[in-house]
Amino acid sequence: MSSTTNPSTHHTSTIGAIGAPSRRNTELALLVFAVAIPVFAYANVGLAINNEVPAGLLSYGLGLGLLAGVAHLVVRKFAPYADPLLLPLATLLNGLGLVAIWRLDQSKLLQAIRQAGTAAPRQLMYTALGIALFVGVLLLLKDHRVLQRYTYISMVGALILLLLPLVPGLGQDIYGAKIWISVAGFSIQPGEFAKIVLAVFFAGYLMVKRDALALASRRFMGMYLPRGRDLGPILVVWAISILILVFETDLGTSLLFFGMFVIMLYVATERTSWIVFGLLMSAAGAIGVASFESHIQTRVQAWLDPMREYQLSRQGVKDGIIHSEQAMQALWAFGSGGTLGSGLGQGHSDLIRFAANSDFILATFGEELGLAGIMAILLIYGLIVERGIRTALAARDPFGKLLAVGLSGAFALQVFVVAGGVMGLIPLTGMTMPFMAYGGSSVIANWALIGVLLRISDTARRPAPAPASNPDAEMTQVVRP
Amino acid sequence: MSELTLTVMRLGFLAVLWLFVIVAVQVIRTDLFGTRVTQRGARREAARPQTGRQAAPPQQRGQQGGGRQRRNAPTKLVVTEGTLTGTTVALQGQTITLGRAHDSTIVLDDDYASSRHARIYPDRDGQWIVEDLGSTNGTYLDRSRLTTPTPIPLGAPIRIGKTVIELRK
């Protein structure tokens, strides 16, 4: 064997290898940081409210640290090449959410409404369950391409999950939206889990059908118009999302599923026309349904004129519609936070009362950390989405690409819908801020989502196998021309 | 708790939060894990981003074989056309399989590709060879359909269905 045996050896000095370092130590360092920040916040809240470092500081810090440590060790063992940022970012958001929930537990105003101080320990339990599911995903799902086999089973599964809240006796109507089911005393939001299952179905389906959707089209006014029969799938998904809107009266879930489908369709086909169609169809659907659905009308009115809703609520007007002051209170919370915020534990976001620690949790951060803090938090969400898209770019199989895009797109949409709703940019919908808001289903499902993304990124970033593992290369001798 | 302490904590917390964001962004910056090409002398063209659809620069063609191989050994495989455009795979002496099969190194999503369509591997001299694995629609090197394992000149387009790949420095 001469020195020309392996061409890559000559260039190792000038051309680096692809993604060889596993970056697990980077992840560990960031994780320590990501656990330390919530502990700092926790101490800060305690000092501000009770003038003392909270008694639970050690156990709380150890609890979060232990969960993060277990997750890290599992990643180190079972997904060694996975993205180093996703786990620390999610841990930080989860930790900050726990602190905010604990901080709202301390509020006398909220204690008067609910039974005192039970939300934070429960949320810690949900986090533990979420990490357990995350670990389970990494252990059981050795290769994300296995999911491709379950394309149509996923479709059925997602439909069942979406329709469960409508089953009499199982579904629950909580504050106007029917997106919960009640099993053994626990309220579960199946829509959160449907998000992941549906992404699997869309990815598997679009991978097979995307050529027909992309190529068979006519050009009209600079846009590619799809053939009539290719409109089938988008019409079906649209119809289902409209049905969700009508029967479950939940704008958020409906928007999330249709939006995720349009994003994946666009990525699969590279046709801008799908985005135009998607926007037109969702606008038409939302306006059409809003014209007769009172729950949605209320939401739109509260969005257009939150002050009027606030006054009606204060006056106690009873006209068949629930008037709520929470939208206005949330805006005031953001406003009084200013640039640098009032400091953790020193705001009055508990005035939002109901749902202050779930849908409106962002308002607490907006008031107590100010614009500077909110920007940081939104950036952290943005980084999670960016890592998801980066994973999609790096993935070598189309299914993995589409799945990663779908999951991160759904995550991004959810953040947009909730943050936009709380800040008054769009009508408020009944969705939860991923990882931060109080709610078991949301935390657990989003940890599973991060697990799937880590699995895809592990496959994508894993260096190609060593040459020795392929005996074929040795056997074939080539006759040079 | 004094007002001053709380103010310091408030600002300190924001600083720490932003520090985390900045550190995370720095990690991303050092995490650009594609091929890292250090430019050498005048060979700047080879280091350009791999998004172009144009064929490789003409001076790179037909320089395989003989003593020039040491300098012109390709280091990466770039997909230049098709749904996977922009994908790169580092050539590190491993066999690269192409096809629709899920376990291929590059999974082609193409109706004209066979499950195990072709493979690219280095021979004993380090010359990269493309071999058609009995595909239905054939593998083309430049314009000619492959019948035997053939050495790949640098920058020559290899066409499989709608996908075009080439080897680059």
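Predicted model: local features only at pLDDT ≥ 70, side-chain atom pairs only at ≥ 80, totals over all residues.

Biologist: Where does A:N51 sit?

Modeller: A:N51 is in the loop of chain A between α1 (24-50) and α2 (57-78).

Biologist: What is phi of A:N51?

Modeller: Near 65°. That is a positive value, and A:N51 is a residue other than glycine.

Biologist: Now A:E270. What about its phi?

Modeller: A:E270 is not a glycine, yet its phi is positive, about 60°. The residue is in the loop between α9 (251-269) and α10 (272-290) of chain A.

Biologist: Is A:E270 buried or exposed?

Modeller: Exposed, because 11 other C-beta atoms lie within 10 Å of A:E270 and 12 or fewer counts as exposed.

Biologist: Let's zoom out. How many helices and strands does chain A have?

Modeller: Chain A has 17 helices and 6 strands. Of its 481 residues, 51% count as buried.

Biologist: Next, the nonpolar core. How many residues does the largest one have?

Modeller: The largest nonpolar core has 145 residues. A:M260 and A:M264 have the most contacts inside it.

Biologist: Which helix gives the largest share of this core?

Modeller: Helix α15 of chain A, residues 398-422, with 14 residues.

Biologist: What does A:M264 touch?

Modeller: Leaving out residues up to four places away in sequence, A:M264 touches A:F202, A:A203, A:L206, A:L402, A:V405, A:G406 and A:G409.

Biologist: What is in the second core?

Modeller: The second core is separate and has 26 residues. B:V89, B:I120, B:Y121 and B:I158 are among them.

Biologist: Back to α15(A). At what angle do the axes of α14(A) and α15(A) cross?

Modeller: Roughly 165°, and the axes come within 8 Å. The two helices are therefore roughly antiparallel to each other. The crossing of α14(A) and α15(A) is left-handed.

Biologist: Which residues of α14(A) and α15(A) meet?

Modeller: The α14(A) side includes A:L378, A:Y381, A:V385 and A:I389. The α15(A) side includes A:K401, A:V405, A:F411 and A:V415. By class, the contact of α14(A) with α15(A) has 17 nonpolar, 3 polar and 1 charged residues.

Biologist: Which residues make the contact?

Modeller: From α14(A): A:L369, A:A372, A:G373, A:A376, A:L379, A:I380 and A:L383. From α1(B): B:L14, B:L17, B:W18, B:V21 and B:A24. By class, the contact of α14(A) with α1(B) has 11 nonpolar, 1 polar and no charged residues.

Biologist: Staying with α1 of chain B, is B:E3 buried or exposed?

Modeller: B:E3 lies in helix α1 of chain B. B:E3 counts as exposed, because it has 8 C-beta neighbours inside 10 Å.

Biologist: How are B:E3 and B:L108 separated?

Modeller: They are 105 residues apart along the chain, and their C-alpha atoms are separated by 64 Å.

Biologist: Last one, A:L162. Buried or exposed?

Modeller: A:L162 is buried, because 25 other C-beta atoms lie within 10 Å. The place of A:L162 is helix α6 of chain A, residues 151-163.

Biologist: What is A:L162 in contact with?

Modeller: Neighbours within four places in sequence aside, A:L162 is in contact with A:G191, A:A194 and A:I244. A:L162 and A:A194 are 32 residues apart in sequence and 6.5 Å apart in space, C-alpha to C-alpha.

How values were computed:
Residues numbered from 1 in each chain as written. Chains lettered and ligands numbered in written order. Core = buried A, V, L, I, M, F, W, Y, C linked by C-beta atoms within 7 Å. Buried ≥ 20, exposed ≤ 12 C-beta atoms within 10 Å, placed from the backbone. Helix = DSSP H or I, 4+ residues; strand = E, 2+ residues; numbered from the N terminus. Contact = placed C-beta atoms within 7 Å. Nonpolar A, V, L, I, M, F, W, Y, C, P; charged D, E, K, R; others polar. Axes fitted to C-alpha atoms, helices over the stretch in contact; angles between N-to-C directions. Parallel < 35°, antiparallel > 145°, perpendicular 65-115°, else oblique. Left-handed = near helix turned anticlockwise from the far one by under 90°.
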